[in-house]
Amino acid sequence: MDSIDHLLVRLTGAVAFCLNMAGFVVINERRTKLLLATCSATWGAQYALLGQHTGLAIMLLAACRQALSAYTIALPGHRRRLLAWVFTAAALVVTALTWQSPLASLLPMVATIMGTWAFFVLSNTGMRKLTMVSNLVWALHGYLFNSWELCLTMLVLTAATLIGLYRLEAAKP
């Protein structure tokens, strides 16, 4: 990878990092989810630059999931579970079609399936715990496949999630 390509990879990661942080600063749920969808598409662009096809495809799938969830907030539980199954099946298909190696392909698949169920099915504490595990899997994938910005982002989000979980426990009567 020459210096221009390297710079483009790092710049794309920096933009994705900023979008991710902005998504958690915005207080409107729909805007948060749309920012996170844009962020996932940007992570996908970085994975494309890095030649990680499964990471690219899974991030684009996550972007679709996040954008759709911005408009399905009020759906009943059984419909959200159906969406979780649809996105789980899509993750399996995408992984099979873009297979590169066990680590390159299975880590993004597992992370996105956890994120899907956390996003559509679980609530508050359960969602935060499963999202935290998903973030750690993404951090490992970022570390292994040269997406340092993704690794840093997921570690920051994991720390923020731990703080949130602590605050939830402390607020219990």
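The crossing of α6 and α7 is left-handed. In this predicted model, the two helices, α6 and α7, pack at an angle of about 160°, and their axes lie 8 Å apart. An angle over 145° counts as roughly antiparallel, so α6 is roughly antiparallel to α7.

The contact involves residues of both helices. On the α6 side it includes N124, T125, R128, K129, M132 and N135. L136, W138, A139, G142 and Y143 of α6 also take part. These residues meet W148, L150, C151, M154, L155 and L157 in α7, along with T158, T161, L162, G164, L165 and L168. By class, the residues of the contact of α6 with α7 divide into 14 nonpolar, seven polar and two charged.

Helix α7 covers residues 148–171. At 1.5 Å a residue, its 24 residues should span 34 Å; the end C-alpha atoms are 35 Å apart, which agrees. Buried residues in α7 are E149, L150, C151, T153, M154, L157, T158, T161, G164 and L165. The cover over these buried residues includes α1 (3–25), α2 (29–50), α3 (53–69) and α6.

E149 belongs to helix α7. Its relative accessibility is 13%, so E149 counts as buried. Residues up to four places away in sequence aside, E149 touches V9, R10, G13, A14, F17, W43 and Q46.

Helix α6 (residues 124–144) also packs against helix α5 (residues 102–120). The angle is about 160°, with the axes 9 Å apart. Helices α5 and α6 are therefore roughly antiparallel to each other. α5 passes α6 in a left-handed crossing.

From α5, the contact draws on L103, A104, L107, P108 and A111, together with T112, M114, G115, W117 and A118. Their partners in α6 are M127, L130, T131, V133, S134, V137, W138, L140, H141 and L144. The residues of this contact of α5 with α6 divide into 15 nonpolar, five polar and no charged.

The length of α5 was also compared with expectation. At 1.5 Å a residue, the 19 residues of α5 should span 27 Å; the end C-alpha atoms are 27 Å apart, which agrees. Of the 19 residues of α5, 14 are buried, so this helix is largely enclosed by the rest of the structure.

Methods. Residues are numbered from 1 along each chain as its sequence is written. This is a predicted model: local features need pLDDT of at least 70, side-chain atom pairs count only at pLDDT 80 or more; totals for chains, interfaces and linings use all residues. Side-chain values use heavy atoms; hydrogens and water are left out. Axes are lines fitted to C-alpha atoms, for helices over the stretch in contact, and angles run from 0 to 180 degrees between N-to-C directions. Helices (H or I, at least four residues) and strands (E, at least two) are DSSP runs, numbered from the N terminus. Angles under 35 degrees count as roughly parallel, over 145 as roughly antiparallel, 65 to 115 as roughly perpendicular and the rest as oblique. A crossing is left-handed if the near helix is turned anticlockwise from the far one by less than a right angle, and right-handed if clockwise. Contact means heavy atoms within 4.5 Å. Ala, Val, Leu, Ile, Met, Phe, Trp, Tyr, Cys and Pro count as nonpolar, Asp, Glu, Lys and Arg as charged, and the others, Gly among them, as polar. The expected span of a helix is 1.5 Å times one less than its number of residues. Buried means under 20% relative accessible area, exposed over 50%, partly exposed in between (1.4 Å probe, protein chains only).
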